[in-house]
Amino acid sequence: MKIKIAPSILSADFSRIGETVKTLEACGADLIHCDVMDGNFVPPITFGAQMVKQIRPFTKLPLDCHLMTLHPETHIEDFVKAGADIISVHVEACGKDTVNVLREIKKCGVKASAVINPETRVGEIFDCVEDADMLLVMSVHPGWGGQKFIPETLKKIEALRAFCVKSGRGEMDIEVDGGVTIENASDIKAAGANVLVAGNTVFKSSDMRGVISALRGE
Ligand code: DX5
Ligand code: ZN
């Protein structure tokens, strides 16, 4: 499967965000991961659709919008209008409506993805396999960059990839978010994930291009 690297702009300097996104594209990023936090679903507040709209003209890469918000369904239209290409919503925020929210997102012409937190059992996302374009497994507690990868996540990724294969959706994009480093990237990919989010690992380095290709395994 194609390995895709999605740098998270959570770790970027927001005063120079346009230039930063251009640089990420030039350095080989595959997606731009945008962490939207509402101060309710998670304690911090980051940014919303307005920011996505402002970075849109700076890159052709897909904007991968990870909504860490309550009632994410109320924000879909704004993010689509702003230029989002993928919208991820948490199972913990949507509950039994998750599949319906994924369908709403797809109706708007963008890709839909469902996310689970570290404390949520992987089986909670199985219902989404049929409707989702991507599934996101959190490998840290959402809210902050720079945390340590939770090793139990690897088992969840394996179980999810096996379930996707069994369901005839073996080519599903499985994204992993939080604490991804050059050291643990091979284990994460071996477990079955093919989309790696990286915030601190990319932004703490002076060689973004080198880090992105090392994460990809080149
Ligand atoms: C955490 C965010 C992540 C975060 C990852 O709530 O969803 O996308 O930016 O940052 P690192 O790679 O530093 O753990
Ligand atoms: Zn994220």
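Two strands pair if DSSP finds at least two bridges between them. Strands (E, at least two residues) and helices (H or I, at least four) are DSSP runs, numbered from the N terminus. The model is predicted: local features need pLDDT of at least 70, side-chain atom pairs count only at pLDDT 80 or more, and totals for chains, interfaces and linings use all residues. Residues are numbered from 1 along each chain as its sequence is written, chains are lettered from A and ligands numbered from 1 in the order in which they are written, and side-chain values use heavy atoms, with hydrogens and water left out.

**Exercise 1. Describe the pairing and the surroundings of strand S1.**

Step 1. S1 runs parallel to S8, and four bridges join the two. Within this pair, Ile5 has Leu196 of S8 as its bridge partner.

Step 2. Look at the faces of S1. Lys4 and Ala6 on one side, and Ile5 and Pro7 on the other, are all buried. Buried means under 20% relative accessible area, exposed over 50%, and partly exposed in between (1.4 Å probe, protein chains only).

**Exercise 2. Which residues coordinate the zinc ion (ligand 2), and what is the arrangement?**

Step 1. List the residues. His33 (NE2), Asp35 (OD), His66 (ND1) and Asp177 (OD) coordinate the ion at 2.0 to 2.3 Å. Donors are N, O and S atoms within 2.8 Å of the metal (3.2 Å for Na, K and Ca); water is not among the atoms, so sites may look incomplete.

Step 2. Read the spacing along the chain: H-x1-D-x30-H-x110-D.

Step 3. Check the angles. The six donor atoms subtend 68 to 167°, which makes the arrangement octahedral. Six donors count as octahedral if opposite donors are over 155 degrees apart and all others between 65 and 115.

Step 4. Relate the site to the sheet. S2 and S3 pair in the parallel sense over six bridges, and Asp35 has His66 in S3 as its bridge partner. Both His33 and His66 are buried.

**Exercise 3. Which residues of helix H1 are buried, and what covers them?**

Step 1. In H1 (residues 17-26), the buried residues are Ile17, Gly18, Thr20, Val21 and Leu24.

Step 2. Viewed down the axis of H1, these residues fall within an arc of 165°, so they line one face of the helix. The arc is that of the directions from the helix axis to the C-beta atoms.

Step 3. The cover includes S1, S2, helix H2 (49-55), helix H8 (200-203) and H9. Contact means heavy atoms within 4.5 Å.

Step 4. After H1 comes Gly28, with a positive phi near 100°.

**Exercise 4. Which residues of helix H5 are buried?**

Step 1. Thr98, Val99, Val101, Leu102 and Ile105 are the buried residues of H5 (residues 98-107).

Step 2. Down the axis of H5 they fall within an arc of 160°, so they line one face.

Step 3. Their cover includes helix H3 (76-82), strand S4 (86-90), helix H4 (91-94) and strand S5 (111-116).

Key: Tetrahedral: all angles 85-135°; square planar, octahedral: opposite > 155°, others 65-115°.
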